[in-house]
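Subject: Structure handover

Hello,

Here is the structure I said I would pass on. Please look it over before reading my notes below.

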Amino acid sequence: MKLKVIWTLKAEDDLNSIFEKVKEKTLSENLAQNVVNDIFKTSTNIHFIEQFQVDESLGKPYRRIIVRNYKVIYVSKNEK
C-alpha cells in the first residue's frame, strides 16, 4: 500500500527557508537544492505509519525522520 503524503503550507515555507539559508551560508544553489531534495525525498521512504521514531518533544502520534541537520515530523490522518 502506498501512502499519500501531504505537505502543509508551513512545511513548504520551511523548505523554502532552508533553501535560502543554505544558499546564503554556502554560496551554492546546488548544495541548497540537494539539501531540500533530501528532505523532500524522505517522504517517499515512509512505507508504514509507525516506521520511524515517535518525536520526543511532541509525543504520539507524531513521528520524526532526521535528515542531515533537520527533523521531518509526520502524523497519520484519516481520510474522512
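Predicted model: local features only at pLDDT ≥ 70, side-chain atom pairs only at ≥ 80, totals over all residues.

Residues are numbered from 1 along each chain as its sequence is written, and side-chain values use heavy atoms, with hydrogens and water left out.

The sheet is open and antiparallel, with 3 strands in the order 1-2-3. Strands are DSSP runs of E, at least two residues long, and helices are runs of H or I, at least four, both numbered from the N terminus. Two strands pair if DSSP finds at least two bridges between them. Strand 1 and strand 3 (70–74) are at the edges with a single partner strand each, so one side of each has no neighbour in the sheet. Strand 1 is joined to strand 2 by 2 bridges; V54 has R63 in strand 2 as its bridge partner.

The loop between strand 1 (53–54) and strand 2 (63–67) contains L58. L58 is partly exposed, at 46% relative accessible area (partly exposed lies between buried, under 20%, and exposed, over 50%, with a 1.4 Å probe and protein chains only).

L31 sits in helix 2 (residues 29–41) and is also partly exposed, at 32%. Leaving aside residues up to four places away in sequence, L31 touches V22, T26 and R68 (contact means heavy atoms within 4.5 Å).

Regards
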